[in-house]
Amino acid sequence: MSPRVQVYVIAALLALVGAGLTAYKNLELGFPLLPGEYRTVWTIEAKVGFDADGGPVKAALTLPREQRNMEILGETFSSSGFGFYIAREDDEYRAIWSRRAAQGPQSLFYQLDVYQRPGAALAQPLSLSTDVQKPFLGAREQEAVRLAIYSLVEQAHERSSDDESFTTQLLFELNDEENQDRNLIFRYYTDRSLVDVALLVLATADIPAHRIRGLYLEDDRRRLSPEDLLEVYDGKRWIVFEPISGQPGVPENFFIWQRGGKSLLDLEGGRNSQVTFSVIANDVPARDVSMRGTKDEKDALVDFSIYSLPIEQQSIFKLILLVPVGAMVVVLLRVFVGLRTSGTFMPVLLAIAFIETQLITGLAIFTLILILGLWVRFYLSRLNLLLVSRIAAVVVTVVILMGAISVVSYKLGIEQALTVTFFPMIILAWTIERMSIVWEEDGPYEVVVQSGGSLLVAILAWWVMTNRYIEHWTFNFPELLLVLLAFILVVGNYTGYRLSELMRFRPLVR
Amino acid sequence: MLQFSVKHIVNKVRGGVVSPLTLRRMGVLGMNARNIDYIARYNDREKFPIVDDKLNTKRAAKSAGIPVPELIAAFESPASRKRVMDVIDPLWQFVIKPARGSGGKGILVIAGRNGDKYKKISGAEVEALDILRHVSNIHSGLYSLGGKPDRVMVEALVDFDPVFDRYSVEGVPDVRVIVFRGYPVMAMLRCSTHASDGKANLHQGAVGVGIDLASGRSCHAVMRGLRIDQHPDTEVPFDALEVPDWYELVRLAASCYEMTGLGYLGCDIVLDRERGPLLLEGNARPGLAIQIANGVGLRERLGFIENLDEEMFKKDVDERVAFSMREFAVS
């Protein structure tokens with residue numbers, strides 16, 4: 001294979017890998033392709049409150065089940081003084097707080113962050129029991145209620161074609177306050193909720209059903225009690241019903257806490273127990289959501305990346321990852337334009353300094369230091385020093401200049417000039433040295449051309465590097481560096497003319 | 001007064017840019033194409049030091065029997081004042097160069113003396129201290145690429161053939177020949193002018209004179225991108241210019257191919273009054289200004305050589321020179 005073909009093959013592979021990883025991160029892990037995307041993260045807090053009797057206390061709270069359209073990003077438990085662990089009981093997780101002795105009112109907290117994804121709520125197969133336990137309605141005083149229930153069942157049965165429409169009809173009747181049978185039932189079961197009664201009636205009709213406990217995710221809700229949904233087995237699958245409307249399907253924004261099963265809270269050694277919920281919505285950058293979501297799964301791509309570094313190092317890397325972009329700008333300007341600069345990649349370092357100092361301040365400081373440095377350097381050249389000591393002297397001068405600029409500008413109240421320290425001193429010193437040689441050998445015009453070229457490249461590099469899209473992509477998709485590398489390799493194969501050559505060779509045409 | 005109106009700049013840019021298609025049609029070789037298609041392909045990295053380090057060039061030329069300006073002394077390591085003075089004190093004329101200087105930087109030519117002072121070729125006078133500082137600067141790598149420590153060479157000043165006196169002002173005229181795979185393909189004479197401050201760089205205002213490979217006569221002359229007929233300072237017409245010992249000079253350039261092993265090579269040659277053509281230095285990345293000086297693109301000639309039969313690359317120097325002179329003559 002000729003080198004040229006090799007370059008194209010390698011570039012194609014690199015670009016493919018880079019683009020592939022980027023697409024994977026975007027589509028699978030949900031990293032946003034554009035900056036500034038926000039997602040709503042719900043913070044749900046469950047508060048378990050009770051009065052302890054003074055003896056040993058044990059509280060068991062059922063924890064939310066996994067739900068396909070709700071991603072749990074993180075959970076915290078607060079339980080001062082209580083022992084805490086999570087136990088698994090028949091397909092259910094329960095948080096268990098325990099304490100040898102407690103007296104008076106107690107509060108235990110469980111908090112979780114949830115991100116709602118688009119998609120159906122329930123799709124996981126459910127291994128819940130489909131046994132129906134018929135309620136006992138044989139007692140004499142229950143005669144009227146029993147008849148009322150049978151009447152409701154019969155009515156619903158007549159008006160429906162299958163278990164699904166039956167349930168809808170039944171719920172419709174149970175919500176109809178004109179219905180005498182319904183009123184009779186509710187008068188008998190005064191302390192039962194709608195779902196309790198519906199479950200009772202469904203059991204009578206020999207239809208497997210259970211309750212779903214959960215919450216509606218609405219912003220800024222406090223002291224909520226859990227809401228119930230009804231889930232019914234129609235012989236083939238489970239169908240969720242919203243009890244008031246009687247509509248099948250999980251309502252949007254409904255966060256399922258407990259599906260089937262038993263109690264929400266079991267308490268031993270206390271009274272007046274109560275579980276209340278509060279919900280807050282936070283707008284969080286989409287990237288953070290993805291980051292937190294993948295943390296638990298330990299996705300290799302994320303785990304072995306810059307994100308695994310401490311925050312401080314990450315912010316350094318944010319800058320370092322921009323260097324290749326700056327290098328690419330230099331490559332483009334060299335290969336396609338043919339700009340002359342002093343030092344090939346010196347403009348990139350300047351651009352990085354500009355990022356810290358802001359452009360105008362940076363330009364002013366750079367020009368000031370260059371002029372003052374050149375002036376000092378011209379004097380030094382008359383002292384017949386060795387080159388190394390002369391450059392070292394220039395370095396010291398540059399540092400003194402930086403210090404002076406900082407102090408003077410601070411006293412004048414120009415705080416921005418304090419960022420002068422971000423300039424790479426050694427590079428500046430070398431630039432001054434080179435420029436003074438260029439001045440001596442090629443004249444001041446060449447100095448202006450070269451430093452102007454360097455500044456132009458630096459400004460362009462700065463402009464590209466501070467672009468919010470570039471910043472976003474380099475940091476969130478470092479894989480794109482492979483694409484950049486491929487691009488640079490391909491550019492390295494360009495044999496066409498440079499823009500400057502179109503001017504240079506002008507005399508040939510004519 | 002400089003005028004910076006937008007219209008002015010736009011017109012200048014529009015008038016100053018030529019279409020890349022035109023350049024391609026004319027067979028002009030660009031920098032990118034030169035780097036990839038010629039330097040990378042025909043010049044082995046490992047052979048670069050032969051031309052990049054002028055001391056190496058000198059040594060190789062000696063053993064290949066190619067005449068060069070006489071080397072008086074070389075300082076490999078930073079030299080003491082006494083050592084330098086011991087060398088230059090007895091000399092009337094000499095040249096101090098960095099062995100690995102780039103772009104002709106750091107070359108100090110002393111053409112004569114005036115008491116304790118040394119006279120540069122431009123007429124300016126310097127002191128011994130300035131020369132010592134120059135030597136120290138070269139050692140520290142001020143003129144070498146990447147600032148690497150360098151070696152200093154002291155060379156005899158070439159006794160220039162007076163034939164060029166009227167064509168070069170305040171400086172040293174030299175002939176640049178591009179040799180491709182052993183075949184000379186193009187040549188130019190670089191004449192310094194007052195405007196170029198005695199330097200032979202075209203972009204600094206020196207005159208580039210295209211030389212017909214067959215005859216050694218001037219065929220085209222350019223200064224600052226404009227075609228000219230006579231030297232701007234001396235007003236001597238270039239028509240009459242003919243390089244003496246032309247065959248010897250081209251032969252010398254062609255034989256540098258064997259010496260360096262570089263397929264795409266630029267040879268800088270000066271003419272000595274007594275000794276004839278001398279190899280000043282070789283260049284593994286010869287520039288492209290020679291195309292402007294000749295008014296002809298390089299690509300066609302390079303392509304012609306590239307497509308030659310394999311047999312042709314086994315020919316000896318004289319056959320190659322004869323071939324080039326025949327093929328690349330300006331009719």
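Which handedness does the crossing of α11(A) and α13(A) have? The crossing of these two helices is right-handed, a crossing being called right-handed if the near helix is turned clockwise from the far one by less than a right angle, and left-handed if anticlockwise. The structure is a predicted model, in which local features need pLDDT of at least 70 and side-chain atom pairs count only at pLDDT 80 or more, whereas totals for chains, interfaces and linings use all residues. Residues are numbered from 1 along each chain as its sequence is written, and chains are lettered from A and ligands numbered from 1 in the order in which they are written.

The model scores ipTM 0.77 and pTM 0.68. In terms of pLDDT (the predictor's confidence in each residue, from 0 to 100), chain A has a mean of 81, with 91% of its residues at 70 or more, while chain B has a mean of 86, with 94% of its residues at 70 or more. Among the elements of chain A, the lowest mean pLDDT, 61, belongs to helix α7 (residues 300-303), and the highest, 93, to helix α16 (residues 480-491). Helices (H or I, at least four residues) and strands (E, at least two) are DSSP runs, numbered from the N terminus.

Helix α13 of chain A (residues 425-442) takes part in the crossing with helix α11 of chain A (residues 359-380), where the axes come within 9 Å and cross at roughly 60°; axes are lines fitted to C-alpha atoms, for helices over the stretch in contact, and angles run from 0 to 180 degrees between N-to-C directions. The two helices are therefore oblique to each other, given that angles under 35 degrees count as roughly parallel, over 145 as roughly antiparallel, 65 to 115 as roughly perpendicular and the rest as oblique. On the side of α11(A), the contact (C-beta atoms, placed from the backbone, within 7 Å) is made by Ile369(A), Leu370(A), Gly373(A), Leu374(A), Arg377(A) and Phe378(A), and on the side of α13(A) by Leu428(A), Ile432(A), Glu433(A), Met435(A) and Ser436(A). These residues divide into seven nonpolar, two polar and two charged, where Ala, Val, Leu, Ile, Met, Phe, Trp, Tyr, Cys and Pro count as nonpolar, Asp, Glu, Lys and Arg as charged, and the others, Gly among them, as polar.

Helix α13(A) also packs with α12(A), at an angle of about 120° and with the axes 9 Å apart, which makes α12(A) oblique to α13(A). This crossing, too, is right-handed. Residues of α12(A) including Val394(A) and Val398(A) meet residues of α13(A) including Ala429(A) and Trp430(A), and the contact comprises eleven nonpolar residues, no polar residues and one charged residue.

The contact between the chains takes 23 residues from chain A and 30 residues from chain B. On the side of chain A that touches chain B, α12 (387-412), α13 and α17 (499-504) each supply at least two residues, and this side has 13 nonpolar, five polar and five charged residues.

Within chain B, the axes of helix α5 (residues 54-64) and helix α8 (residues 246-260) come within 10 Å and cross at roughly 105°, so that α5(B) is roughly perpendicular to α8(B). Ala60(B), Ala61(B) and Ala64(B) of α5(B) make this contact with Ser255(B), Glu258(B), Met259(B) and Thr260(B) of α8(B).

Methods
Contact = placed C-beta atoms within 7 Å.
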